[in-house]
Amino acid sequence: MSHLVILMGSPRPGGNTARLVNAFVSGLDARHTVDILPAAQMNLHPCTGCNACFHSADNACVQQDDMAACYARMAKADILVVATPLYFYSVSAQLKILIDRLHNPIRANFRVKKLVLLAVAGNAEPSVFDPLIALYHTIRTYFHLEDGGILTVPGVRRADDISDHPALEQARALGASL
């Protein structure tokens with residue numbers, strides 16, 4: 001049994017990112033449990049760089065927001081899935097806040113072994129994902145995580161553009177491959 005935590009970066013419920021995540025989850029078998037952290041619906045504050053978390057016994061952040069619950073939920077994950085719309089060549093601002101808060105040394109207690117990337121973009125040019133893919137590989141390498149797969153979907157701008165897209169089947173297959 002493995003536990004997946006999906007970092008959902010889309011502020012648009014039911015949009016292309018959410019539909020891609022749903023297809024991915026539908027491909028998983030019963031050996032997996034899933035926890036979705038919807039960054040846009042959470043009370044998360046940007047990291048201030050104060051480094052108090054490095055000096056407290058329990059690595060507690062001085063900010064009182066939903067990040068403590070995120071840490072607890074991510075500590076149980078074997079697989080981490082980053083799901084985001086592409087906003088100016090990177091993750092959404094909402095997701096970036098959550099990712100930046102992983103600066104906390106509490107991450108050393110996580111048992112995550114594998115990283116997956118799911119991303120959509122309105123721009124139809126596949127190379128628009130290159131900076132995001134470079135970031136993915138940098139994070140994966142830095143934390144010694146196995147590559148669980150990358151699925152990028154260009155050219156899906158409106159909330160329903162992905163509805164009949166072949167990427168939904170690719171997402172199911174990626175989920176099934178884990």
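This is a predicted model: local features need pLDDT of at least 70, side-chain atom pairs count only at pLDDT 80 or more; totals for chains, interfaces and linings use all residues.
The protein chain contains 5 helices and 5 strands. Read from the N terminus, these elements follow the order β-α-β-α-β-α-β-α-β-α. Along the principal axes, the C-alpha atoms occupy a box of roughly 50 × 35 × 30 Å. Among contacts with a separation of 6 or more, 78% join residues 24 or more positions apart.

Turning to burial and surface, 45% of the 178 residues count as buried. The protein chain exposes about 8,700 Å², and carbon and sulfur atoms contribute 56% of that area. As for charge, there are 15 positive and 15 negative side chains, with the centres of the two sets 3 Å apart.

A disulfide is a covalent bond between the sulfur atoms of two cysteines. With a cut-off of 2.5 Å between sulfur atoms, the count comes to 0 disulfides. Cysteine 50 is in no disulfide, and the nearest cysteine sulfur, in cysteine 61, is 6.2 Å away. Cysteine 50 is partly exposed, at a relative accessible area of 44%. For cysteine 53, the closest cysteine sulfur also belongs to cysteine 61, and the separation of 6.3 Å is too far for a bond. Cysteine 53 is buried, with a relative accessible area of 9%.

Technical notes: Residues are numbered from 1 along each chain as its sequence is written. Side-chain values use heavy atoms; hydrogens and water are left out. Buried means under 20% relative accessible area, exposed over 50%, partly exposed in between (1.4 Å probe, protein chains only). Helices (H or I, at least four residues) and strands (E, at least two) are DSSP runs, numbered from the N terminus. Contact means heavy atoms within 4.5 Å. Accessible areas come from the Shrake-Rupley method with a 1.4 Å probe; for residues, only the protein chains shown count as cover. Lys and Arg count as positive and Asp and Glu as negative; His and the chain ends are not counted. The place of a charge is taken as NZ of Lys, CZ of Arg, CG of Asp or CD of Glu.
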